[in-house]
Amino acid sequence: MGLFERKIRELRVLSKLHNRKLRILKAALWDNVELLEDLLQEEVHLIDCLDSWGRAPIHAAAITADSRCLPMLINAGANINATAGCRCDNKTALHFSAEHGHVSNIKVLLDAGASFIAKDRNGLTALDLAERSGHEACVQLLKDAAGE
């Protein structure tokens, strides 16, 4: 096999891997529990895969209100304190849920041990983002977690 054929083969393998990553990310974003469950049975090693912005499936699930995929990802071993890439200001799933006002997701993340003191690239915590966004229920939940 020549160099050209090897490169073509490598590109096909990379393309298949990229498509598998996208399917897991999309399933989490669309809150498609059934699809995510099937994908994780086959590809659990991709649980913390990243998109071009550095977001993992847990970040996609965190921005979906009342996510059913979030607990599934946590139970499957997703990194609950993973930070998204610089284009997303290095936010964690808790940051995203707080910023979007998703109380139920915050409860799930805190119960799983997510860090409420983690700071994003701008030095902001999830509590800071909830306050800035005017999500009072999230603010209270995060203050309770911090013992304030």
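**Figure 1. Overview of the helices of the predicted model.** The protein contains 8 helices and 0 strands. Read from the N terminus, its elements follow the order α-α-α-α-α-α-α-α. Of its 148 residues, 42% count as buried. When contacts between residues at least 6 apart in sequence are considered, 64% of them join residues at least 24 apart.

Figure 2. Helix α2 spans residues 33–43, and its buried residues are V33, L36, L39, L40 and E43. These residues lie on the same side of α2, because they cover an arc of only 130 degrees around the axis. An α-helix has 3.6 residues a turn, so residues three or four places apart point the same way. On the face of α2 turned away from the buried side are the exposed residues Q41 and E42.

Figure 3. C69 belongs to helix α4, which comprises residues 69–75. Is C69 buried or exposed? C69 counts as buried because its relative accessibility is 0%. L36 and C69 are 33 residues apart along the chain, and their C-alpha atoms are separated by 7.4 Å.

Figure 4. With a relative accessible area of 3%, T92 is buried, because the cut-off for a buried residue is under 20%. Which residues does T92 touch, not counting those up to four places away in sequence? They are H59, N81, A82, T83 and A118.

**Figure 5. Close-up of the packing of helix α5 against helix α6.** Helix α5 covers residues 93–100 and helix α6 covers residues 103–111. The two helices pack at an angle of about 155 degrees, and their axes are 9 Å apart. Angles over 145 degrees count as roughly antiparallel, and α5 is therefore roughly antiparallel to α6. The crossing in which α5 passes α6 is left-handed. On the α5 side, the contact is formed by A93, L94, S97 and A98, which meet N105, I106, L109 and L110 in α6. Sorted by class, the contact of α5 with α6 has 6 nonpolar, 2 polar and no charged residues.

**Figure 6. Close-up of the packing of helix α7 against helix α8.** Helix α7 consists of residues 126–133, and helix α8 of residues 136–146. Their axes come within 8 Å and cross at roughly 155 degrees. This angle is why α7 is roughly antiparallel to α8. The crossing of α7 and α8 is left-handed. A126, L127, A130 and E131 represent α7 in the contact, where they meet C138, V139, L142 and K143 of α8. How many nonpolar, polar and charged residues does the contact of α7 with α8 contain? The residues divide into 6 nonpolar, no polar and 2 charged.

Notes
Residues are numbered from 1 along each chain as its sequence is written. This is a predicted model: local features need pLDDT of at least 70, side-chain atom pairs count only at pLDDT 80 or more; totals for chains, interfaces and linings use all residues. Side-chain values use heavy atoms; hydrogens and water are left out. Axes are lines fitted to C-alpha atoms, for helices over the stretch in contact, and angles run from 0 to 180 degrees between N-to-C directions. Helices (H or I, at least four residues) and strands (E, at least two) are DSSP runs, numbered from the N terminus. Angles under 35 degrees count as roughly parallel, over 145 as roughly antiparallel, 65 to 115 as roughly perpendicular and the rest as oblique. A crossing is left-handed if the near helix is turned anticlockwise from the far one by less than a right angle, and right-handed if clockwise. Contact means heavy atoms within 4.5 Å. Ala, Val, Leu, Ile, Met, Phe, Trp, Tyr, Cys and Pro count as nonpolar, Asp, Glu, Lys and Arg as charged, and the others, Gly among them, as polar. Buried means under 20% relative accessible area, exposed over 50%, partly exposed in between (1.4 Å probe, protein chains only). The arc is that of the directions from the helix axis to the C-beta atoms.
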